[in-house]
Amino acid sequence: MVTVAPARPLPATVGGRPRASVRHLGPNWYATVMGTAIVAGAGAGLPVEVPGLREVCRLVWALSVLMLAVVLVARAAHWTRHRDRARDHLLDPAVAPFYGCLAMALLAVGGGTLSVGADVIGGTAAVAVDAVLWTAGTLLGLVVAAGIPYLMVTRHRIGPADASPVWLLPVVAPMVSAALGPPLVPHLPAGQWRAAMLLGCAALMGASLLATLLMLPLVFGRLVRHGPLPVALTPTLFLVLGPLGQSTTAAGALADAVRSAGYTGTPEAVARFASVAYGVPVTGFALLWLALAGAMVVRAVRRGMPFAMTWWGFTFPVGTCVTGAAALSRHTGLDAFGWLSVGLYGLLVAAWALVAARTAAGLAHGTLLAPPPSAGPSPSAGRG
């Protein structure tokens, strides 16, 4: 009889630094791709000309493509080598919603490819890449939008104080599809294809919007009844801006695509009016929430809020408000919305620069991919 000695655990540190491993790389890392891609896409859509901005947006778009490739490979390695940990992520109500970030990362990079990357790879290639990424992101987004709430109902154990803004991540993914699908309408064959794409995006917007309206009262109710979030989770309050800004963007994009889909005259005028009638009050609420979330972040910083991957919540949601304000600027002609989009874009760039620098430093020091200090063996370790 041959016996095999148990494998010795790897040391927790290497050269005095925490040992990094893809075992501890969760689906929240796709937020880095989303947050980077939106800097390029939102910058390209600003209603004002900024010298040199287009060139910078091309560089940021290229960085987002590289980041998407790296994170996809790393996450594939995670699923291949650490399936027990991957299953634990799906069964963890605090982590599972971040699977929505995968769909949104694909969609954000695809949208940036069409709006910015076309300058680099050409229009035909950009349309092809965006079509592939939009299709993949939309299908994944629909699976996640239905699958994660299913797990929340059937497998997760959620207490009264566990409601969190991260619950919005799975259901907002179809809204991103609704916002980034209309620019593809003119590139489809005229007639049924264009109309189906336009109305399909409208359906995606409706699905996401109604699901968001179910989630938001739970999030705000948790804050009122149980007090502020833990300081490390406070940045997730900015996630509420995502469906608000993205739905305004989607309404504007749908109105822009109505003519291309063959609906002219009254339908086009109604669509433009509806996008403004919807977008203006929603933008007002987004600014109100931005003030509330900002005040909560200031409070958390005073209480020693540590850097964590939740800080990426300062990027993509704010970027959606930039694109939403830019859409309102196009459809109303008001300079106020144009300057609002510019101001929010400045906030986005500042937040991205800070968070990206802290993330790079955390990777260099090995802290972001290190096991938690008290982490023990995975509950499902050794299965499958």
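Residues are numbered from 1 along each chain as its sequence is written, and side-chain values use heavy atoms, with hydrogens and water left out. Because the model is predicted, local features need pLDDT of at least 70 and side-chain atom pairs count only at pLDDT 80 or more, whereas totals for chains, interfaces and linings use all residues.

The chain contains eleven helices and two strands, assigned as DSSP runs (helices, H or I, at least four residues; strands, E, at least two) and numbered from the N terminus. Their order from the N terminus is β-β-α-α-α-α-α-α-α-α-α-α-α. The radius of gyration is 21 Å, close to the 21 Å that the globule rule gives for 384 residues, so the chain is as compact as a globular protein of that length; the radius is taken over C-alpha atoms, and the rule is 2.2 Å times the number of residues to the power 0.38. Along the principal axes, the C-alpha atoms fill a box of roughly 80 × 45 × 45 Å. Among contacts (heavy atoms within 4.5 Å) with a separation of 6 or more, 82% are accounted for by residues 24 or more positions apart.

The accessible surface of the chain is about 17900 Å², and carbon and sulfur atoms contribute 70% of this area. Accessible areas come from the Shrake-Rupley method with a 1.4 Å probe; for residues, only the protein chains shown count as cover. Of the 384 residues, 49% count as buried, a class defined by under 20% relative accessible area, with exposed meaning over 50% and partly exposed in between (1.4 Å probe, protein chains only).

The largest nonpolar core has 105 residues, of which Phe238, Leu241, Phe314 and Tyr345 touch the most other members. Helix H4 (residues 100–121) gives the most to this core, with eleven residues. Such a core is a set of buried Ala, Val, Leu, Ile, Met, Phe, Trp, Tyr and Cys residues joined through side-chain atoms within 4.5 Å. When residues up to four places away in sequence are not counted, Leu241 touches Gln246, Ala286, Trp289, Leu290, Pro317, Val318, Thr320 and Cys321.

Eight salt bridges are present in the structure, each a side-chain nitrogen of Lys or Arg within 4 Å of a carboxyl oxygen of Asp or Glu. One of them joins the side chains of Arg54 and Asp119 (2.7 Å, N to O). Arg54 lies in helix H2 and Asp119 in helix H4, so this pair ties together parts that are 65 residues apart in sequence. Arg54 is partly exposed at 30% relative accessibility, as is Asp119 at 40%. Within helix H2, Glu55 and Arg58 lie three residues apart, about one turn of the helix, and their side chains meet in a salt bridge (3.9 Å, N to O).

In helix H9 (residues 266–302), Arg272 and Glu268 lie four residues apart and form a salt bridge whose closest N and O atoms are 3.9 Å apart. Arg272 is partly exposed at 33% relative accessibility, whereas Glu268 is buried, with a relative accessible area of 11%. Salt bridges with shared partners join Asp256, Arg259, Glu268, Arg272 and Arg330 into one network.

On the surface, Leu63, Leu66 and Val70 form a nonpolar patch with about 260 Å² of accessible area together. Patches are made of residues with over 30% relative accessible area and no salt bridge; nonpolar side chains (Val, Leu, Ile, Met, Phe, Trp, Tyr) are joined within 5 Å, and like charges within 9 Å. Leu63 lies in helix H2 (residues 53–81) and counts as partly exposed at 34% relative accessibility.
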